[in-house]
Each structure stands twice: as structure tokens, then as C-alpha cells.
Amino acid sequence: MVDLVSTTPPKSATDLFSDPLDSHPLWFKPTLFLSPDFDSESYISELRTFVPFDTLRSELQSHLSSLNHELIDLINRDYTDFVNLSTKLVDVDAAVVRMRAPLLELREKIQGFRTAVENLLVALRNGLRQRSEAAAAREVLELLLDTFHVVSKVEKLIKELPSVPSDWSNGDMNLIEKNALSNGTSLQHVENGTNLRETQSMLLERIASEMNRLKFYIAHAQNLPFIQNMEKRIQSASLLLDGSLGHCFVDGLENRDANTIYNCLRAYAAVDNTGSAEEIFRTTIVAPLIQKIIPHKLSGVVVGSSGDELEDDYKQIKNCTEKDCKFLLEISSTENSGLHVFDFLANSILKEVLSAIQKGKPGAFSPGRPTEFLKNYKSSLDFLAHLEGYCPSGAAVVKFRAEPVYVEFMKQWNIGVYFSLRFQEIAGSLDSALALPSLVPVQSSHSDENSQDLTLKQSITLLESLRSCWTEDVLLISCSDKFLRLSLQLLSRYASWLSSGLAARKKGSASSNAGCEWAISASPDDFVYIIHDINWLAKEICGDYLEGVLKLLSTCSTEVLDLVKKSISQGGKSLSDLLPSVINTIIEAVVDKSVEDLRQLKGITATYRMTNKPLPVRHSPYVAGILRPLKAFLDGEQATTYLTNDAKNNLLLGAATEITGRYYELAADLVSVARKTESSLQRIRQGAQRRAGASSDVSDNNVSDTDKICMQLFLDIQEYGRNLAALGVEAANIPAYRSLWQCVAPPDRQSVVNY
């Protein structure tokens, strides 16, 4: 203990001039020991990778020593307070006893106060609940009283309705008007009738407003026994109101009393019974007019007859609408009248028209006759546009198009089936033409004009099919995307027909590809027709045809028009891309005929092998026939009539290059065999001379058979070059001809091609 209270010993020289005791290396952080999630094992495993155990142990011991020093310093600093603490705690138990009594008394007072407050709170809550129940009961009582008063008021107002002569609906008012001039009191009666209708309509509007108020009350107290007991009275009043309002509205319609109609419509709107007004107008005014125009179909009339056209019927309906229905439409569209809830256009006029067509002309909706169907559909769209003209605003047009009757009317027109029938009709005609086993040229009576028109039935059918997609009696703008796709499919079908036929001809068999027989049997002149038609179709499709389509779709956005232009242009380009393949097919056919004459050069070997014939001085007869098929084709009627100069030049150069390549292959093979044969004979001859004892180094100055063969071939290719020049082809520009020249020309003439 003496050591603990002694003063701090003086610091040594080591403490003064060395690192302080609490200095640590950078990797040792004592603050980590104070972390609540400190784990000794993980701490050591992390440090062992770069700190030796001995170093870590010494550092931990040093840290422990510094902690002990700090602990001793803390104890020595507060030691006097620790010692004096026990001397100051005197008579603590007595103090606790003295303090316990007041605390217990305070607890009892607080407990009593809490109990009193809780009792008051319970009483207050009960009072508030009773007050709320009383207020709710009072509210229900007031609601029931109001309901009773409203029902009584409605019944009283209904009894006060003026009596309307029952014969007004039979047209006796018209008789009164006709006799107005002969009887001075009749005009007064007419005026009294008008005033009576208007008075009745105003009273009915007032009753309707009270009924609307009554519905509000019933909605809030519908489960109460009092309301249930009054239900019969309410239903009776409602039926009387509907009946009186209906009679008054019919009377106003028949007499075209604007004030009466206006008041009745407001009454219908007040009781939220717009459907009854629309139905009354339909059955009273619209139905008789429509049935005169489109009478119901008799059982003996065949559905789908020519009488199913609607264009004339729509014209008459438009006139009747303008004459007999416009007055009500104008009343219902009055600004700030609250009558916008009515839609007489859809629920009265259009509904009756739809019903009349379904009963009187059901065949008008049938797409089985596409031409009549399209005509009726366009007439119907025009009729709907005419009805939309009566809408006072754009919002009214949107509301009209959203009506269930409008939607049902549009569903009657099965556009999908119509397009399917048109698709089968248009695509079927093209498939029938492309399924023919051979090309069918369509010759014109005037050969000069023939070059300006299509020449094959297949191509003409394609153009007719493409144009059919966009004619007025076929196209539906709402299906323009489908007709565009059909147009592209027609182009693709034609291009596929051509490409598959060319591929089958190249293979030499059409068994794998059905419908390619035409290509196997086609002659080069037939392919001239194809080249002409492809050029004509590509120009037409990317020109006038494309402009016509864009004109029909002018209402579309610029982005859509750009896509349409790209797609159709791509379809025309797909046809132009087939031209090289068609030209190659013609070249192959011409080359095959020319090769038949080229095979005669094999006879040159038999002519000069093991014979004593002198060096040749003129070309072989077969040379004149090599280019004869090519010249005959270019001079033919089809080539001169339908091929352009560029096409002729391409054909001529391609065929000449291919024929020359075949010529070089046969000649090079012939010369190679001849030289190998001569070399073998030379070795045999030299061996025989050595065995006979004769000198083998005596040179033979005679011309060899190979030299004769090469000279004959040289003369032949010179003539061949002159024939090419006569056709307009420079033989020296053909690589195969230069190789052929190098193969057979004498050594002194190989450097320059000169024929």
C-alpha cells in the first residue's frame, strides 16, 4: 500500500531519450480491443500474415505493461476519496426509515387520484357515446321525416297534374289546327293545349327533382323498417311519374313543342333515366321512319341478294335525320342545359338503323361478297361521319364512338374475314400463274410497243395483283398495313419463284423443288423475257407504283411513310438483285452449246501424232462454230427487241470470257498430254539407239509433233481472236486468252498478242 501512495518515481534516461511507452507500430491499433465485436482469433490470424509471433507477443506485453501503469496512476490519484467514503456513511438505516413513511403516503394519494380520474374518464366517454347515439338517432329521425314529407309531396304533385286529353296521341290536335280558320275558338283551344303541355312538363320536372331527392334519402336509410313500409308508395309514385313523363314527352315530340321537350328531358336527367327518353324517341319518331326505308325481310326473299346495298338507304336516312330528328338533337345539345347526358345519335338513331339492317338486310354485313361488302362498309363509315357532324364538340364525338351501340355496329363488319378473302383472291391468282409448267409469253400485236410492256403472263399477273391491293374497290385504309404486307409477300413470292427456278436449272433437276419445271425447259430466249420483265417491274415498283401507295397513305405520319417507302423499294431491289443470276443462266446455256464445237480440237492430236504432215498454215474448221451460238443469240429477235445495250454487252463479255476459259482448259490439257507423250517417246527412242550402239547425242532438227499441234492451236486462237473482235470483244483483255496465247504461241511471239 505504501508503494501505491508514494509519489511517482523519476523517469529514467531510457524514458526520456527513447520512444514513450505508449508508442506502437502502425500495424498495432489498441483501439480495436475496445470494439464490441472484437475477436482475438481473427485478430491474430490477420496479423500473422505479415507480423512474426515473437514481435506480436512482445508488443502485446508492452501494451499490457502500459495498461498496468495507467491503472496504478488512477488508483493513486483517487485513493483519499475511496478511504473517506466508508467514514462518511453513518446512520444510513435510520435515514431510510425516516424517508419511507412520506413516500408511502405520497403513493396512496397518487393512487386515489388516479382512480378518481379514471372514473371521471369512463363517465365522460359514456356521456359522449350517448350524445353520439342521440345525434345519430335524431339524424335518422329527421331523414325519415324528410322522406315522409317528400313522398307525400310527390303524391300531392302527381294528383295535381293537369288532365291531358287522351286523344292527343291519336292526332286530334292536328284536326283542331286544320279547323282553326273555320272556328274562332279553335286557336284558343290549341293555345290552351300548348300551355297545358308546358305546364304539365314543368310540374313533371319539379316532381322529378323531388324524386331525385327521395332517392338520396332512400340510399341513406334503405334498410330501415319505416322505409321498407313506404316502399310500395314510393314505387307507385315512381311508376306514375314515369308514365306521365312518357306521355308528356311523346306528346311534345309529336307536336314538336320545344319547351315541353326541354322540360321533359331535364326531368329524365334529374331521375337519371336517360335510357327511357332515348327509347321513347327511338320507338316514336325514328323507328317508323327507318322501317319505311328498310322494311323487315320477308321470309321468301333470299338473303344476300342485290337488294342488300345500303348506299341509297343511308341517303334517305340522312334526309330523315335532318328533317325529323335535328330539332331534338339541337335541344339536347343546348349549352349549360345539363342535357349532355343524352345520346340520341347512338341509342336512338344508330340503334334503330342497326336493328333495321339486321332484320331487313342481314346480307349487307356478309363479307362473302367482298365488293358489295366494301361498298356497304364505306357507306356506313360515311353515315357515321354524318351523324358525328351533329355532335357539338370533340368530346361529344369521343363519347359517341364509345357508346356500346357504336361498338356493336362496328363489330358487325368483319374486316378480318374480308381481308382473308381478298388475300386468297389476289395471292391465289399469282400462285396459279406461277404454278404453270412453262413460261407463257404474251405477245403484242405491235412489236415496237412490246418493248414497253411486260412479256410474260407470270409478270403481268404479279403487276395486276400488286395494283389490286391498292385499288379503290379493294383497299380499306384501316387494313392498309395488311395490304402493304400482302404487296411485299407478292414480290417475295415472285422473287422466290425466280431464284428457286434458277437454282433448279443449275442443279439440272426440278424434283427437289416443286414448281421449277419452267426453268428446266426454258431456252435462253425465254430468259430474255425475264430480264426485260424484271427491269420493267423494278422501275414501275420504285416509281409510279410507290408514288400511288404514298398518295393513298398521305394522312399517315412522315415516319410511317418513310418505312413504307423503304419496304417497297427493298421489294423492287430484290427483283433487280436477280438479274446477275438470270444473265449467268443465259451465259451457261450459250457456253454449253459452244463447248460442243470446242471438243473437236481433240482431233488435232490424231491429225499430227505419228504422221509426217507439214506444219499447218491455216486454222481448223471448228473455230468458226465456237462463237456461232453466241452470235445467233445476240442477233435473235428477242435479244434485239428486249435487251438493252448494257445487258447485251454484259452477256457478250461474260459469255466470251467463259468460252475462252473453257478453250484454255482444253488446249492446255491437250498441249500438256502431247508434251508428256513426246517426252516418253523421246526417252524410248534414245534407249533404243544406245542399245544399237548408235550415237544418242545427234540432234533431230525435224519439227516435233508437239510443235505442229501448238502451231495449229496458235492459228486457231488467232482466228478465234479475230472472231471475238468481230463481235466487239478485245481478246487481249481477257485473262484466259492471254494465258492461252502464252501456252501455244511460238517463243518469239509470246510477248505480244497480235492476231
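I started with Glu311, which counts as partly exposed at 32% relative accessibility. I kept in mind that this is a predicted model.

**Entry on Glu311 and its partner.** I looked up the partner of Glu311 and found a salt bridge with Lys375, the closest N and O atoms being 3.8 Å apart. Glu311 lies in helix α13 and Lys375 in helix α15 (residues 370-388), so the pair ties together parts that are 64 residues apart in sequence. I noted Lys375 as partly exposed too, with a relative accessible area of 38%.

**Entry on α13.** I then checked Glu330 and Lys326, whose side chains meet in a salt bridge of 3.9 Å, N to O. Both lie in helix α13, four residues apart, about one turn of the helix. Glu330 counts as partly exposed at 46% relative accessibility. Lys326 is partly exposed at 28%.

**Entry on the network.** Which residues are linked in a network of salt bridges? I wrote down Glu279, Arg282, Lys351 and Glu352. The side chains of Glu279 and Arg282 meet at 2.6 Å, N to O. They are three residues apart in helix α12, so about one helical turn separates them. Is Arg282 buried or exposed? I have Arg282 as buried, because its relative accessibility is 14% and the cut-off is under 20%. Glu279, at 28%, counts as partly exposed.

**Entry on Glu352.** I found Glu352 in helix α14 (residues 344-360). Glu352 counts as buried, at 5% relative accessibility. Leaving aside neighbours within four places in sequence, I listed its contacts: Arg282, Val286, Ala287, Ile290 and Gln291.

**Entry on the cavity.** I looked for cavities of 30 Å³ or more and the count came to one. The largest cavity holds about 40 Å³ of space. Its lining is Val286, Leu289, Ile290, Ile317, Cys320, Thr321, Cys325 and Ile349. Val286 and Ile290 of this lining are also contacts of Glu352. Both α12 (274-293) and α13 (311-332) supply at least two lining residues. α13 gives the most, with four.

**Entry on α6.** I checked the span of helix α6 (residues 92-159) last. At 1.5 Å a residue, its 68 residues should span 100 Å, and the end C-alpha atoms are 99 Å apart, which agrees. Its buried residues are Leu143, Leu144, Thr147, Val150, Val151, Val154, Leu157 and Ile158.

Notes: Residues are numbered from 1 along each chain as its sequence is written. This is a predicted model: local features need pLDDT of at least 70, side-chain atom pairs count only at pLDDT 80 or more; totals for chains, interfaces and linings use all residues. Side-chain values use heavy atoms; hydrogens and water are left out. The expected span of a helix is 1.5 Å times one less than its number of residues. Buried means under 20% relative accessible area, exposed over 50%, partly exposed in between (1.4 Å probe, protein chains only). Contact means heavy atoms within 4.5 Å. On a 1 Å grid over the protein atoms alone, a cavity is a set of points where a 1.4 Å probe fits but cannot get out, and a pocket is an open set with protein on both sides within 12 Å along at least five of seven lines; lining residues have an atom within 4 Å of a point. Grid points are joined across faces, edges and corners, and a volume is the space filled by probe spheres set on the points. A salt bridge is a side-chain nitrogen of Lys or Arg within 4 Å of a carboxyl oxygen of Asp or Glu.
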